[in-house]
Amino acid sequence: MAPAVCGMLLGLALYTGSLRVVSGAAFFYHDYCIIGAGPSGLQAAYFLQQAGRDYVVFERSHAPGSFFALYPRHRKLISINKRYTGKSNSEFNLRHDWNSLLSHDRRLLFRRYSRDFFPDADAMVRYLEDFAALLKLRVQYNTAIVHVTLERNAQAWNGHYFLLTDQDRQNYKCSSLLVATGTWVPNVVNFPGSEYVEGYETVSISPEDFAGQTVLILGRGNSAFETAENILGVTNFIHMVSRSRVRLSWATHYVGDLRAINNGLLDTYQLKSLDGLLEGDLEDLAIIKDKKGKLHITLRFYLENRNTSTGIDSITLPQDELDNFATRAPYDRVIRCLGWKFDFSIYNRSLRMMPGKGNKKKYPQIKPSYESRGTRGLFVLGTASHSVDFRKSAGGFIHGFRYTTRAVHRLLENRHHGVPWPSTVYPITQLTNSIIKRVNEASGLYQMFSVLADIILLRENATAFEYLEEYPVGILAELETQTGRKAPNGLFVVIMEYGRNFSGADKDVFYYNRAVGEAQHAWQSNFLHPVIYYYKRLPTEHEMRLRPPDWPLPRPDAVHHIVEDFLTDWTAPNAHILPLRRFLENCLSTDLRNFFAESCFLFAFTRQKLPPFCRQGYVRMQGLMGSEGLRRHAIDAGLLEDYAPTDFSGDNHTIPVRPLQHLVNTKDEF
């Protein structure tokens, strides 16, 4: 048997795809094709495998996580690995574990792979290898997809199939395509003299190679400062130039901005130790190399207006006209650290994969559902999907896109397999507790603030509710079609937000009285805190488009902010729980408190309508059985009065009539 045929049959056995031949061209078919075995690709594969779906992952390298095998160049990740939180709740702990992927296997927590708060990238490579191997994910290595196009077919899930071709001209066909390639193509700015610039991806990482040199770095992100940090102690001085001003993550609350671990150059700049930062458009620059090999910075304008017949010595430099020009000193090396962009080259025009606009042009255009704007059935996962929340939330990083990837999987399960979005139905009396539990534990809400939200669908007459976790709020108007759940009776949306005027590159986030502590001022909270929106009906797409600037949602019928908390622990009875419960009661025109059987008994004689807790428990003879210990506990808490007789005389035991004082101010009872 020919080796090529053996290889095809082996692939068929390994990946359970079906081999088909059409007009002499052989291809493998899978329902789902995933391009890229990085963190988001492996995360998607895990969910598909757990659901028993037909899928394959294509990885160009011999192992998963090939990006982390190379980058960051200096091997220190900026994703935190907080191994201790003082809590045993695994969901809560994921709030502070920025590297683990989601799985059922407790061995696959990143804290088992590194003890460092900022781990080495090699630990991430080992982790991803184990994640793929231990979970037996179907990854086809050494397979570089070099071309993707469409084949129209009315019988296909989305009206077309995706046709993929690898480097060996092997063809694959799939019904749904998940792109998880990340952003790995270096951003390059072309200007006169840019051939003298070294790239971040190839420059030496040995500090000794820079000893006694003067260096100019183009860029102002974490890769630029990471490079500067590595050579800060051996260079004459380092200058850094970029179009935008430096943005510190602790000021913007965006984890992609400059992190404190890399900002040593800010100290040496502000303390005037020779290093410095400059602002300027890189496309306006030009680099001239003199006879000694030194690199001089000039402006493109001077270069374009010189006489081309004259030599290099006749080129005008800015310091010729302005003798204190900032970059008048020559440089030994210029390093480009401008980040990465998405690789559009492998996609045929039929897929209409278009770059975004403005500062999102490095990402493909996608909808808030993470589906391509140009092609149905093509979803973008991981870092490349960051256009949905760029500079707002954590969707470009593992601790964010592990949840958006799960959301995409749930959307696909409903669309193609009729599996509705997972939900749980509770009696209405559990509404307050359900919200409090989620805002104190849920990692997806916490990390993907303003992007993912819990949706609470009310049942008829508000007797019960259906709880959906971590739904993309950008497609709230499409909730019924995207989830298979109905919302005819109104809904609550639970989301996490920062204060609208708190974060920003030019904000002082350390000013006095920056935190709010009183519940009545909760709407002025600055730090991350829960916000509950109430809608009497599902918002329309038109209302979503017209929502106020910087609002994740349209104007609700009512909104409630749970006041920010220094410990991010929203369990205080008076500051957090009581205001929330009263808000919910006002929205629903009902009483959500829990009562002792004695109170329910009295309500049955004094009220026309019993509270839900009494209707769902006491009237049905359900709930806690009374006991002397429980009664004494209620007396000690001030919820019941002690009516037990203290003295008995004779055989006539009389129990004094208990006053109804404890029911006068019923709002005080939880």
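Buried residues (under 20% relative accessible area, 1.4 Å probe, protein chains only) account for 51% of the chain's 670 residues. The model is predicted: local features need pLDDT of at least 70, side-chain atom pairs count only at pLDDT 80 or more, and totals for chains, interfaces and linings use all residues. Residues are numbered from 1 along each chain as its sequence is written, and side-chain values use heavy atoms, without hydrogens and water.

**Exercise 1.** State the secondary structure of the chain.

*Solution.* Take helices as DSSP runs of H or I with at least four residues, and strands as runs of E with at least two, numbered from the N terminus. The chain then has 19 helices and 23 strands.

**Exercise 2.** Is strand β7 enclosed or open, and why?

*Solution.* Locate β7 at residues 171-179. Eight of its nine residues are buried, so the rest of the structure largely encloses the strand.

**Exercise 3.** Find the strands that pair with β7.

*Solution.* Pairing requires at least two DSSP bridges between two strands.

- Start with β6, residues 160-166: four bridges join it to β7, and the two run antiparallel.
- Pick a facing pair here: Phe-162 is opposite Cys-174 of β7.
- Inspect the hairpin of β6 and β7: four residues lie between the strands, and Arg-169 has a positive phi near 65°.
- Turn to β17, residues 378-380: three bridges join it to β7, and this pair runs parallel.
- Pick a facing pair again: Leu-177 is opposite Leu-378 of β17.

Note on methods:
Buried means under 20% relative accessible area, exposed over 50%, partly exposed in between (1.4 Å probe, protein chains only).
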